[in-house]
Amino acid sequence: MGRIMEWAARSDHLGGLPRKTVIMAVSAFARAVANLCNKSSVHNADTLMNLVRSRPPGVPLITVSNHMSTLDDPVMWGAFKGLLSLDLELARWVLAAEDICFRNPIFSYIFRTGKCIPITRGGGIYQEHMNESLQRLKDGSWLHTFPEGKVFQEDVPIRRLKWGTASLIARSPVTPIVLPIIHRGFEEMMPENYLNGRRPLVPLCNKNLKVVVGEPIEFNVPMMVETAVLDSRHVTAPHQESKWPILTSAGQELDETAQRCLYVALSEKIQSSLETLRLLAKRL
C-alpha cells in the first residue's frame, strides 16, 4: 500500500498555502476550545517550549501522551501560550488513526496538510507510514504519538503501550528526545459515550483541562540494545520464518526476537514515566 496523499504533506505543496491555512484554522479552534470555552492550565510548559524552539540541530523530538479523547490533538496544544503561533516548520507531526481521520479524500487532504501521518491500527510497526514517521525523525522534526494506541477515558493506570513509538526510537539514526505529557479533563470535554453511545457533535464547555509536561526520558539505547540481544538468546521462539527485517541499531544487528525484547524494554520505560506523571497530575 502506498502512502496516502503524501504529496499534500510536503511543505512546498502549492507554495505552502494549504498547510498555512489549515494549521492557522486548527490553531484558532484549539485555542478557542482550550481557553474560551473551557478553563485550561499547563504545568512545566517551558520544558516543551524550549525543546520545540531550541533543541540541538538535527535532534528529533518525540512527545508521548495518554489518549483521553479524539480532540486531544489539537486542543492540548491550544492550552500552551504561544506554541501554536510558532513557525509552521516547528509545528508537530502527529500519528493519526487512518479509520477516523482519513475516511475520505477531503478528510485525508485536510489532515495531511495539517501535518498528520495516517496509521493503520493493527497494521504493525513496519507498515509504510511508520517509515514516513521515521523520515520525519531523520529530518530532526517534532513528532507526537499516543502510544496507548486508542482512546481510553477511564482514570486508570497507563495501559501496556504499543511498540510503534519504541520502534521509532530504536530505528532513528539520532536518538530522539522523548518527552512525556499527561492531560486530564479532555474526557469530559469530548466524552465517547454522550448521547446514545456517541460523541457530542461539538466540544463541551465549562470543563477544567489540565496539561502536565514531564522531563525528558533518559535512554541509553546502546546499552538497551546490548541487553536485548543477550536476553533474546534465552527466548525460545516458535520456529517460523521472520516477517520483520533485520534492524541495525547502535551498531548491532537485531533479529525479530531481539527487536521484541528491545521494544518491550523501551515501551516499559515510557509507560513507567507516563504513569509517574499521571499520578503527579492527579495531585496538582
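Predicted model: local features only at pLDDT ≥ 70, side-chain atom pairs only at ≥ 80, totals over all residues.
At 19% relative accessibility, Trp244 falls on the buried side, given that buried means under 20%. The Trp244–Tyr263 pair is tilted, with 6.1 Å from centre to centre and 40° between the planes.

Tyr263 has another ring partner, Trp163. Here too the geometry is tilted, at 6.3 Å centre to centre and 55° between the planes. Trp163 belongs to the loop between strand S5 (142–145) and H7, whereas Tyr263 is in H10, so this pair bridges parts 100 residues apart in sequence. How buried are the two partners, in relative accessible area? Trp163 comes out at 15%, which makes it buried, and Tyr263 is buried at 0%. Zooming out, ring pairs join Tyr126, Trp163, Trp244 and Tyr263 into a cluster. The count of aromatic pairs for the model comes to 9.

Helix H7 (residues 164–171) and helix H10 (residues 256–283) pack at an angle of about 110°, their axes 8 Å apart. That angle makes H7 roughly perpendicular to H10, since the roughly perpendicular class covers 65 to 115 degrees. The crossing is right-handed. On the H7 side, Thr165, Ala166, Ser167, Ile169, Ala170 and Arg171 take part, and they meet Leu262, Tyr263, Leu266, Ser267 and Ile270 of H10. Sorted by class, the residues of this contact are 7 nonpolar, 3 polar and 1 charged.

H10 packs with H9 as well. The axes of H9 and H10 come within 8 Å and cross at roughly 130°, and the two helices are therefore oblique to each other. This crossing, too, is right-handed. From H9 the contact draws on Met224, Val225, Ala228, Val229, Asp231 and Ser232, and from H10 on Thr257, Ala258, Cys261, Leu262, Ala265 and Leu266. That gives 9 nonpolar, 2 polar and 1 charged residues. Leu262 and Leu266 of H10 are listed in the contact with H9 and also in the one with H7.

Next comes helix H6 (residues 128–138). Its buried residues are His129, Met130, Glu132, Ser133, Leu134, Arg136 and Leu137. What do these residues pack against? Their neighbours are strand S2 (61–65), strand S3 (93–97), helix H5 (105–113), strand S4 (116–119), S5 and H7. Just past the end of H6, Gly140 adopts a positive phi of about 80°.

Gly140 leads on to Arg55, as the C-alpha atoms of the two are separated by 9.7 Å despite lying 85 residues apart along the chain. Arg55 is found in the loop between helix H2 (45–54) and S2. Is the arginine buried or exposed? Arg55 is buried, with a relative accessible area of 16%. Setting aside neighbours within four places in sequence, Arg55 is in contact with Asn50, Pro60, Leu61, Gly140, Ser141, Trp142 and Ile177.

Methods
Residues numbered from 1 in each chain as written. Heavy atoms only, no water. Axes fitted to C-alpha atoms, helices over the stretch in contact; angles between N-to-C directions. Helix = DSSP H or I, 4+ residues; strand = E, 2+ residues; numbered from the N terminus. Parallel < 35°, antiparallel > 145°, perpendicular 65-115°, else oblique. Left-handed = near helix turned anticlockwise from the far one by under 90°. Contact = heavy atoms within 4.5 Å. Nonpolar A, V, L, I, M, F, W, Y, C, P; charged D, E, K, R; others polar. Phe/Tyr/Trp six-rings, centres within 6.5 Å; stacked < 30°, edge-to-face > 60°. Buried < 20%, exposed > 50% of the residue type's maximum accessible area, 1.4 Å probe, protein only.
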